[in-house]
Amino acid sequence: MGFWLELAASGLITGGIYAVVAIGLNLQYGLMRIMNISHGEFLMLGAYLTWLAHTTFGVNPFALMPLVALALFALGLVVYRLCFQRIARTAPAVEVIEARSLLVGFGLMFLVQNAVYLAWGADLRGYSYLVEPVEIAGARFQANRLAVFGFAVAASLALLALLRWTMLGKAVRAMMQSPAGAQLVGIDTRTLHPVVFGAGLALAGVAGGLLSMVYEISPSMGEPYTVTALIVITLGGLGSALGSLLGGFILGLVEAFGMHFTSPSLKMVLSYGVLVAVLLARPKGLFSR
Amino acid sequence: MKTTREQLLATLACGVVLAAAPWLLSDFLLALALSCLMYAALALSWAMFCGPTNYLSLATSAFFGLGAYVTAWSLGTLPYGAAVLAGGLAGSAFAALIGAGVLHLRGAYFAVITFGLGELALHSITYTEKTYFHTAGRIIGDPPENAVIYWTVLALALAAAATAILVRSSRLGTALRGIGSDEERAQTLGVATRRVKVLAFSASAFFPGALGAAMAVRWTYIEPLSVFNPFIGFQTVLIAMLGGAQTLLGPIVSAVFFTLVSEFLRLRFPYVFLILLGLLLIVLILYLPGGLASLLQRRFWRAGAR
């Protein structure tokens, strides 16, 4: 019993992180059709920021999360202004925005990843934080994983509530449903676009910071998370934040149980298999009506 | 505009001149020429399908890796030439299979799923090799001479150029351009869009497959990560878009330029090279989305209008 609980919990814990990364990517894609393939690189930046601040100044990593979010948000505004604004305004069709932003994303990926290689080298970095075990219902967990899981779920739920019950959230959802319609009812898309893009990167940064508390970090850690986030938003549906949350948990569980019943080296095959199967069977997402 | 026949003759003439390279160039320069030819052929074959249709395929490295593994598995039983042909056919077959399944998706979906399928092939081969053959990579014994490899890759590059020329001037090319500008309209006008797309996608995948098979012997030791390297796919897309995917000469010129620059920078400053590559990609997409060829064309049009 304790073993199955541990397995399910480990799937849900990974899934919680996936959800945060995926909601960030989904905000960017659902809103502006920007396929930001460099999303994981900003996650990696968040992880390095947290690691750097924690090891240099000894600050509690959880206290750093708002700062990391703010830093990545500001970076997001700059990146949007320099790279994506021009694409969004000059491209003749939605498809063209997708293709061009994908290529610009690859450019950003090379740029950010190798800048970090230059700055900190290829070594794995890490610190230990809250590693003492906690026992719940016969299952043993590391305290940091539980804390990270709690934080990830709280952040996702807070964002969902923000989208659901505030005016700002309403405006964002309106833009997801119909960009032109949103403009007609007086939503200022020119201010909202960079803000939402920045919020997406802030979520990536927070996810990276959370990951740095649990795993070792390296400049190439981001890429797999981009792919995972793509899988999750395909599972949950483009433009649906709730779908991303559920999709994240589903993928986490599929990976945990799949690896247990087959072999750990099949992890990537499992995730890609899920992606391909979902795209073939339900291209609009599992929860689409 | 030159006629198809003139373009084909020009390709043939280039081929005759380039075939003399193994007698004239040093080993280092021959290796450089080999990479130029390989990327020119990859970019040409990518642009053959993706240029006119506006699809963004990231599966090139999957076809390439598959071809390389065909050589790794069969060299020793098959002669080199047959392995190259088999590699190409493997690429085509894989492309036909995935094309039939995913070519109805467009835009970012298509790009993501072709990338995902490439990674799926990579991880599946890694797993198969590990579980059933207990190896991480394979040593390729008894590789053919450098000149033979060069001539094979040259022949593939010429074939890619000739195919690209023929496709452009044929009904298939017109159908592909029709699909690129408006798929529903093309369908209404009687183009069997699905069949045309699968056919062209699979034909264009012959070249990366065959090139992978031909180049595999250069490495002596191959492992899935080195031959399925997604970077090969990105670089192909980048070269084709940089040169102008709608044109014939664009991808060739930018392949030569790009290979020379990367050979000299990559070994000396690996990180700086990739940072510059990223910057170049961003600037080009933002300010020159039609590729370098669009610069020339714009000037040409302006001169013609006067």
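**Notes on the helices and the chain contact**

1. Within α14(B), the buried residues are Gly250(B), Pro251(B), Ile252(B), Ser254(B), Ala255(B), Phe258(B) and Thr259(B). The helix spans residues 249-266 of chain B, 18 residues in number, and its first and last C-alpha atoms are 25 Å apart, close to the 26 Å expected at 1.5 Å a residue. Please keep in mind throughout that this is a predicted model.

2. Helix α11(B) is largely enclosed by the rest of the structure, because 11 of its 11 residues are buried. Those residues are Phe206(B), Phe207(B), Pro208(B), Gly209(B), Ala210(B), Leu211(B), Gly212(B), Ala213(B), Ala214(B), Met215(B) and Ala216(B).

3. How does α11(B) pack with α3(B)? The axes of α3 (residues 27-53) and α11 (residues 206-216) of chain B are 9 Å apart, at an angle of about 160 degrees. An angle over 145 degrees counts as roughly antiparallel, so that is how α3(B) runs relative to α11(B). The crossing of α3(B) past α11(B) is left-handed. On the α3(B) side the contact uses Met38(B), Ala41(B), Leu42(B) and Ser45(B), and on the α11(B) side Phe207(B), Pro208(B), Leu211(B) and Met215(B). Sorted by class, this contact has 7 nonpolar residues, 1 polar and no charged ones.

4. Leu42(B) is also one of the residues touched by Thr236(B); the others, leaving aside residues up to four places away in sequence, are Ala43(B), Trp46(B) and Thr60(B). Thr236(B) itself is part of helix α13, residues 230-243 of chain B.

5. Since 13 of the 15 residues of α4(B) are buried, the helix is largely enclosed by the rest of the structure. Following α4(B) comes Gly76(B), with a positive phi near 110 degrees.

6. In chain A, consider helices α1 (residues 2-32) and α5 (residues 143-165), whose axes come within 9 Å and cross at roughly 35 degrees. The crossing of α1(A) past α5(A) is left-handed. From α1(A), Leu12(A), Ile13(A), Gly16(A), Ile17(A), Ala19(A), Val20(A) and Ile23(A) take part; they meet Arg145(A), Val148(A), Phe149(A), Ala152(A), Val153(A), Ala155(A), Ser156(A) and Leu159(A) of α5(A). By class, the residues of this contact are 12 nonpolar, 2 polar and 1 charged.

7. Last, the contact between the chains. It involves 33 residues of chain A and 31 residues of chain B. Which helices of chain A each supply at least two residues of the side that touches chain B? They are α3 (61-90), α4 (94-120) and α11 (267-281). The largest share, 17 residues, comes from α4(A). The side of chain A that touches chain B is made up of 25 nonpolar, 4 polar and 4 charged residues.

Definitions and conventions: Residues are numbered from 1 along each chain as its sequence is written. Chains are lettered from A and ligands numbered from 1 in the order in which they are written. This is a predicted model: local features need pLDDT of at least 70, side-chain atom pairs count only at pLDDT 80 or more; totals for chains, interfaces and linings use all residues. Two residues are in contact if their C-beta atoms, placed from the backbone, lie within 7 Å. Helices (H or I, at least four residues) and strands (E, at least two) are DSSP runs, numbered from the N terminus. Ala, Val, Leu, Ile, Met, Phe, Trp, Tyr, Cys and Pro count as nonpolar, Asp, Glu, Lys and Arg as charged, and the others, Gly among them, as polar. Axes are lines fitted to C-alpha atoms, for helices over the stretch in contact, and angles run from 0 to 180 degrees between N-to-C directions. Angles under 35 degrees count as roughly parallel, over 145 as roughly antiparallel, 65 to 115 as roughly perpendicular and the rest as oblique. A crossing is left-handed if the near helix is turned anticlockwise from the far one by less than a right angle, and right-handed if clockwise. The expected span of a helix is 1.5 Å times one less than its number of residues. A residue is buried if 20 or more other C-beta atoms lie within 10 Å of its own, exposed if 12 or fewer, and partly exposed in between; C-beta atoms are placed from the backbone.
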